[in-house]
Amino acid sequence: DGAMVAMFSGCKKLKELDVTSFDTSKVKYFGGMFAYCESLKEIDLSNFSGAKLTNANNMFVGCKSLKKIDLKTVKAQLADMTAMFKDCESVTEIDIRLLTNTDTIEVEDAFNGCKELTTIYANNKFDLHEITADTIFEGCEKLEGGNGTTYADKQDKTTTYAKVDVEGQEGYFTLVETGTWGDYDWSLVNGDLTVLGATDEEATSPRFKGKMKDSEGQDYTKTDIIKTITFAQEVIAGDWTESEKIFGGFTNLEEIDFKNFNTENVTTFANMFEGSTNIATISNIEFNATKVTTMENMFKGLSALRSLDLTKLETSETELKDTSYMFYDCASVSEIKFADTFKTNAVETMVSMFEGCTDIKELDLSTFNTEKVTDFYHMFRNCENAEKIDVTSFKTTGINTDTTDGAMVAMFSGCKKLKELD
């Protein structure tokens, strides 16, 4: 029946448990799965999904040492969550942002005894206030909804406030906005956007592309409130076009972590972050870019970006043709790291590639192959703090000598502090 009922139930002294290899996509019942694992302080459930899940009663009952229960990747319509988190007396945060409920769901004692619980993250379709249950929140003295409604003030342990807390509606849950991005679900809380699993967990080839959609399928318009983007599970990028500017227009985005982001199908990184000028940190750029033909304007204008580690960015010797304006006006970048996996054998233009990188002090480009480059125009222009640029591997045999406004014109212009150039 696809059950993991009582799988670890009663393992009272269990302190460490790794379930990151579990495939739960066909599991219907989580009942009592971790019941009375009294010594367990943390558990990583980031790979859990809930395509078939209906019953999670007593799943964590008596897990009195757990500090946080994160089920944000579990998308399911529950019919029974009786005592699901009962007596998790140390837990402060429960994340059930993708769960919805049937109209007849069983919820008695679901959060009973969670005396340290302050926050329950849920979406606006997770609404239990019409379900009858008298002790669902008993003892949740520290619980507070996202708009300031508190259990301490209401002293109501029934389902009356078992809904999201927003303007015009009081509740004990903190709203998590949800929607889709291509074939993937996303959720957003406090400015942190998480891209989750595929909307259809049984889809054979989901793709991440296009624009964000809200829960009603309309274009999401509040991108200015997004500060971080992460990917909770593997997300497979579609072959987007240059005009999509896939991560562009996030005007207040500060950080993006590309762990779990698969780019093996992508052919263009051009204009990838256009208009997201406040990004300060981009981490885990472990891209398979062997099909990518252009990186024109890829990081252009990211004036708040501080450093870039591209040592695990892999390109093809035959496909990548254009790196022009790739780092143009990255004025705060102090370091850019490359490795020999960044192959430039087929690149034809490096126009203004590093122009305006005013904080760069040193660039090691000794792994670059420039045999086919016809244009180095303004490549390092106004790198005014650069002291050393290693171009020992550069060959200029492909230079277009029939032009006076391209080729190598002003290639190092404005490099006022340059001390070493090879």
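## Cavity in the predicted model

On a 1 Å grid over the protein atoms alone, a cavity is a set of points where a 1.4 Å probe fits but cannot get out. Grid points are joined across faces, edges and corners, and a volume is the space filled by probe spheres set on the points. By this rule the count is one cavity of 30 Å³ or more. The largest cavity holds about 30 Å³ of space. Its lining residues, which have an atom within 4 Å of a point, are Phe30, Leu53, Met59, Leu71, Val74, Met84 and Leu99.

## Basis of the values

This is a predicted model, in which local features need pLDDT of at least 70 and side-chain atom pairs count only at pLDDT 80 or more, while totals for chains, interfaces and linings use all residues. Residues are numbered from 1 along each chain as its sequence is written, and side-chain values use heavy atoms, with hydrogens and water left out.

## The chain as a whole

The protein chain has one helix and 22 strands; helices (H or I, at least four residues) and strands (E, at least two) are DSSP runs, numbered from the N terminus. Along its principal axes, the C-alpha trace spans about 85 × 40 × 40 Å. Of the contacts (heavy atoms within 4.5 Å) with a separation of 6 or more, 76% join residues 24 or more positions apart.

Of the 422 residues, 50% are buried. Buried means under 20% relative accessible area, exposed over 50%, and partly exposed in between (1.4 Å probe, protein chains only). The chain exposes about 18400 Å², of which carbon and sulfur atoms supply 41%; accessible areas come from the Shrake-Rupley method with a 1.4 Å probe, and for residues only the protein chains shown count as cover.

## Thr73

Thr73 is placed in the loop between strand S1 (68-70) and strand S2 (76-80). Thr73 counts as buried because its relative accessibility is 5%. Neighbours within four places in sequence aside, Thr73 is in contact with Leu45, Ser46, Phe48, Ser49, Leu98, Leu196, Ala232 and Gln233.

## Val166

Val166 lies in the loop between helix H1 (151-154) and strand S6 (174-175). Val166 is classed as partly exposed because its relative accessible area is 27%. Not counting residues up to four places away in sequence, Val166 touches Asn147 and Leu175. The C-alpha atoms of Val166 and Gly145 are separated by 8.3 Å, the two residues being 21 residues apart along the chain.

Key
On a 1 Å grid over the protein atoms alone, a cavity is a set of points where a 1.4 Å probe fits but cannot get out, and a pocket is an open set with protein on both sides within 12 Å along at least five of seven lines; lining residues have an atom within 4 Å of a point.
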